[in-house]
Amino acid sequence: MTDSPEQQRRHVVVRRLRTAIARLPHWWPLPVSVLIGTASGLSYSALAADRYEATSYAMAVAEAGTDPSAALGYAQSYGRLTTSDATLSYAQGAAGEPMRELRSHVRSETSPDSPMIAVTGTSEDRHKAADIANAVIEAVIVSSGHVSKDTGVKLIKFTHAMTPDQPVSPSVPLGAAVGAAAGGLLGGLVLLVRPRRAGPRVSAQVPGQTAEGGGIAQDDRELVR
C-alpha cells in the first residue's frame, strides 16, 4: 500500500525539518528561549492591568501592669488574624468588596523585632487599595479592643494608608528583562538535560593476524609514544 501524494509531501516536509534542525548548532535552544521569554515579558507588561498597593500600620501597646514584651507576641497573633473570616467579614462593608474577593486583595506582615503590623491592600483602583488597607486594619484594631482587658495589650493605628500615585506593576523594560532572564535560565536547563550529539567515530586499525600467514606483520605495527 503506497502513501497518497499528500502523505508523501508531508513526509518530505518532516524530513527536511529534521535535517534543518540537525544542522543547527547545539546551543540553539538558548537564544530561542531568550527571545520567547523577552516576548512574553513584553506582552505581560503591555497588556496587564495596573495594580496599586496601599499599606496601613498598627502597633501593639502593652497597658499598665503588663509586661512590655507581651506586645510583641500579641502583634504576631493579631497579624495572623488579619486575613481570618471574622476580620474580613467585619471589614468587607468599608472595603467595598465581598469577603471572598477581599481575601485575595489583602496581606499582612509583622516584624520579629517590633510590635508592628502592616496591612497592604491591592486593587486595580488606587482609591480602593487604600480603602481595603484602612478597613482591614480598623477591623483588627476593633477586634483587639474587645479582649484588651484580658490580654493587657491593645492595638493603636500607627499610620493611615494613603492613596498611591504610582502602580506597582512591572514596567515594560523590567518585564522584558525578567522575561529574558527566565528564558535564558530555561534555555540553559534545556542544554544541560538534552542528549549530546554523537561525534564522528574514529576507527583505529589494530595489528592482527594476516590472512595468509596468520602472524603479525612487523611493518603494520605502530609505535605509540
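Tutor: One cut-off first: a residue is buried when its relative accessible area is under 20%. Keep in mind that this is a predicted model.

Student: What makes S3 a mostly covered strand?

Tutor: The count does. In S3, 8 of its 8 residues are buried. Met116, Ala118, Thr120 and Thr122 point one way. Ile117, Val119, Gly121 and Ser123 point the other way. Both sets are buried.

Student: Why is Asn134 called buried?

Tutor: Asn134 has 10% relative accessibility. The cut-off is under 20%, so Asn134 counts as buried. Asn134 is found in helix H6.

Student: What does the side chain of Asn134 meet there?

Tutor: A polar atom of that side chain lies 2.9 Å from the backbone nitrogen of Ala161. Beyond its neighbours within four places in sequence, Asn134 is in contact with Ser56, His160 and Ala161.

Student: Is Ser114 buried, partly exposed or exposed, and why?

Tutor: Its relative accessible area is 27%. Buried is under 20% and exposed is over 50%, so Ser114 falls in between and is partly exposed. Ser114 lies in the loop between S2 and S3.

Student: What makes the pair Ser114 and Ser111 a polar contact?

Tutor: Their side chains are joined at 3.4 Å. The limit for such a pair of N or O atoms is within 3.5 Å, so the distance passes. Ser114 can also be placed against Met59: the two are 55 residues apart in sequence and 8.6 Å apart in space, C-alpha to C-alpha.

Student: How do you know that S1 and S3 pair?

Tutor: Count the bridges. S1 and S3 are joined by 8, and they run antiparallel. Pairing takes at least two bridges, so S1 and S3 qualify. Ala58 has Ile117 as its bridge partner in S3. Tyr57 stands opposite Ala118 in S3.

Student: What makes S2 and S3 a pair?

Tutor: Strand S2, residues 106-110, is joined to S3 by 5 bridges. At least two are needed, so S2 and S3 pair as well. They run antiparallel. Ser108 stands opposite Val119 in S3. A hairpin of 5 residues links S2 to S3.

Student: Which strands are called edge strands, and why?

Tutor: The order in this open sheet of 4 strands is S2-S3-S1-S4, with antiparallel pairing. S2 and S4 each pair on one side only, and they are the edge strands. From one strand to the next, the twist averages 25°. H3 lies across S1, S2, S3 and S4, running at about 70° to S4.

Student: Which residues have the most contacts inside the largest nonpolar core?

Tutor: Val136 and Leu155, in a core of 21 residues. Elements that give two or more residues to this core include strand S1 (52-62), helix H3 (70-80) and helix H4 (85-95). H6 gives the largest share, 7 residues.

Student: What does Val136 touch beyond its neighbours within four places in sequence?

Tutor: Val136 is in contact with Thr82, Thr87, Leu88, Ala91, Val106 and Val119.

Student: Which residues belong to a second, separate core?

Tutor: That core has 6 residues, among them Tyr52, Ala129, Ala130 and Ala133.

Conventions: Residues are numbered from 1 along each chain as its sequence is written. This is a predicted model: local features need pLDDT of at least 70, side-chain atom pairs count only at pLDDT 80 or more; totals for chains, interfaces and linings use all residues. Side-chain values use heavy atoms; hydrogens and water are left out. A nonpolar core is a set of buried Ala, Val, Leu, Ile, Met, Phe, Trp, Tyr and Cys residues joined through side-chain atoms within 4.5 Å. Buried means under 20% relative accessible area, exposed over 50%, partly exposed in between (1.4 Å probe, protein chains only). Contact means heavy atoms within 4.5 Å. A polar contact is a pair of N or O atoms within 3.5 Å; within protein, one must be able to donate a hydrogen and the other to accept it, and residues adjacent in sequence count only if both atoms are side-chain atoms. Axes are lines fitted to C-alpha atoms, for helices over the stretch in contact, and angles run from 0 to 180 degrees between N-to-C directions.
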